[in-house]
Structures are given as C-alpha cells and as structure tokens.
Amino acid sequence: MFAVDFKRTERLSLAPQIKSYIATSYAEDPDVYIDDFRNLDTLRGDIVVPDVHSASLNKLLNLNFEKACILFNIGAMYSQLGVKTFWIYASAQRRLLFQGQQSAGAFKTLQDQLSNWNIGQAGDFQGSALSALVDAMLAQAQECWWQKAVQGGMKDQAIARLASQVADYYETAYQNATTAGNFTSGWLAHLQAKQHHFRAAAQFRKAADCLAAGKYGEEVARLQAAAGHVKKGMESGLLKNVSSYMQTDLKNLQAAVQTSLQRAEKDNDIVCE
C-alpha cells in the first residue's frame, strides 16, 4: 500500500497581519491581544507549504490555503494509518476500508472546495493530482473488499467483479497522476503495476468461473489474457520501481496463471480431439 506524505511547514508569525486587520477593521488597540498572538504563533507553524511531489514552494498568506493544507493532511493522515494497519493487522480489512474511504473523502472535499476558496490549482492542488489521490485511495479501499472476498471464499464471479473495479480505480489514478506531472516514478510504477495485477486477477477468476461452467475454450482465452496483463506488470522498467511486496504478488500470480493455463490448454486439447 502507498501513503501520502504530509505537507510540511516552517514557522512564520501571523501576528502582524492580524494586528493590522484588527486596527483597521475594529478600531481597537491590537496590542491588547499580544498574548493571544504569541499563543497563536506557538500553535501555528508557517504557511510555507512545499508540494509533496515536487521541490517547489508555495508561499501564500491565505487562511483558505491554510484550510486546504489541513484537509490535505487529513487525507494524508488516513492514508498513513491505512499503511500502518496493513502491516500491523493482517486481517483488518474493515479498518483499512474505512481509512481508505476517509482519505479519499478528504481529498475529494478539498478538490470540491478549491474554487470556492479562490486558491490557484497548481502542484498538489491541481485537479488531476487530487483526482489521482482520490482514485488511488478508493482503489486501496476496494482492494480490501477484494481481499476479504478471497479470504471468505466468495464465488469466483463476484471476486472477478471486485478485481475489475479495483483495476479501474488504479487505471484512472495512473492516468490522472500522469496528467498532473508531479508524481514520482515510484508512485506511477505502483499505480500501473497494480492496474495490471488486478486486470490479471479478474481474468484469472473469470477463467475459474468458466471452468466450473464447462466453457473450456473461454477459460483458455481468459487465462491467456491474464498472462498478458501479468507480463505487462512485470516489465523490467516497471518492476524495478515497485516494492518487493508488489514484486512477490506479481510473481505468485504469474505462477498461478501459468500453472492453470498449462492445465487448461491440455484439457481443451483433449476435449477437442
């Protein structure tokens, strides 16, 4: 699983701007609130926020921008909790699902509010970048349902449908991330490899459903399609940029597909004789 990094801040005093606003808008002596200003500056860091996926800096003294950054970090927090849950609690799919949905919800809310807040859509706040994060988090949440379905022994047809939905999310996430142009090669490789992995997993399960229904020719075709997707996911330029965990998943799926394909082709030849 992938997590989104927090937007990091440096310290900056907000007191001068607030003092000026109080003096001009309320005709009060702003020094009356000097202790409050100190407390605010202690609690608040800078509103100098680096884009997560690039080295550029956005310097905006804007409370709406501040709210946007908080929403972004809520989405990032839930994504990081999801990764920790994944590694610590092997069977906590419901918790993972909730955290993925909450992360996606935060990024979607941010995307919907940007135009109302009059914030320039650039870097992490551009529409395509936020769409990529929404879809990536939804993909990881849906992947939890798929895993639960596999472990629960659901019918192959239902598991195949879930796998296809996961692949769709990863595909749109990859397309939007490519359009945004500010995602790392590791992110892009992960999204692309996951897309091919779940396309293959969907075809593999559809093939099993065909076998149960006696559709041997279609079974072979679907296993061949699965093998093709796995091959794309294991291309050297892609495989070297994904985690060892992802590499293992692809290799295990490849072995299962090849074993089933060899058996299916043999069975199909016997039936056709």
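## Helix packing in a predicted model

The crossing of H4 and H5 is left-handed. This is a predicted model. The contact of H4 with H5 divides into 14 nonpolar residues, nine polar and three charged. The two axes, those of H4 and H5, come within 8 Å and cross at roughly 160°. Angles over 145 degrees count as roughly antiparallel, so H4 is roughly antiparallel to H5.

H5 also packs on H6. The axes of H5 and H6 come within 8 Å, with a crossing of roughly 160°. H5 and H6 are therefore roughly antiparallel to each other. Their crossing, that of H5 and H6, is left-handed. By class, the contact of H5 with H6 holds 18 nonpolar, eight polar and two charged residues.

**Overall fold**

The protein chain has ten helices and two strands. Along the sequence, the order is α-α-β-β-α-α-α-α-α-α-α-α. The chain has 273 residues, and 43% of them count as buried. Among contacts in the protein chain with a separation of 6 or more, 71% join residues 24 or more positions apart.

**Nonpolar cores**

Which residues touch the most other members of the largest nonpolar core? They are Val4, Phe107, Leu110, Phe125, Leu133, Phe183 and Trp187, in a core of 39 residues. Five helices are listed as giving two or more residues to this core: H3 (63–88), H4 (93–117), H5 (127–151), H6 (156–180) and H7 (185–212). H5 provides the largest share, ten residues.

Leu110 shows the packing in detail. Not counting residues up to four places away in sequence, Leu110 touches Ala68, Leu71, Phe72, Trp117, Phe125 and Leu130.

| Residue | Class | Relative accessible area |
|---|---|---|
| Arg199 | buried | 19% |
| Tyr216 | partly exposed | 32% |
| Trp145 | partly exposed | 34% |

Arg199 is found in helix H7. Is Arg199 buried or exposed? Buried means under 20% relative accessible area. Arg199 has 19%, so Arg199 is buried. Which residues does Arg199 contact, leaving aside its neighbours within four places in sequence? They are Ser164, Ala167, Asp168, Glu171 and His229.

Trp145 lies in helix H5. With a relative accessible area of 34%, Trp145 is partly exposed. Leaving aside neighbours within four places in sequence, Trp145 is in contact with Arg94, Leu97 and Leu162. Leu97 sits 48 residues from Trp145 in sequence, yet their C-alpha atoms are 7.4 Å apart in space.

Tyr216 belongs to helix H8, which covers residues 216–233. Tyr216 has a relative accessible area of 32%, so Tyr216 is partly exposed. Where Tyr216 and Asp267 are concerned, 51 residues along the chain lie between their positions as a separation, and the C-alpha atoms are separated by 7.7 Å.

Technical notes:
Residues numbered from 1 in each chain as written. Predicted model: local features only at pLDDT ≥ 70, side-chain atom pairs only at ≥ 80, totals over all residues. Heavy atoms only, no water. Core = buried A, V, L, I, M, F, W, Y, C linked by side-chain atoms within 4.5 Å. Buried < 20%, exposed > 50% of the residue type's maximum accessible area, 1.4 Å probe, protein only. Helix = DSSP H or I, 4+ residues; strand = E, 2+ residues; numbered from the N terminus. Contact = heavy atoms within 4.5 Å. Axes fitted to C-alpha atoms, helices over the stretch in contact; angles between N-to-C directions. Parallel < 35°, antiparallel > 145°, perpendicular 65-115°, else oblique. Left-handed = near helix turned anticlockwise from the far one by under 90°. Nonpolar A, V, L, I, M, F, W, Y, C, P; charged D, E, K, R; others polar.
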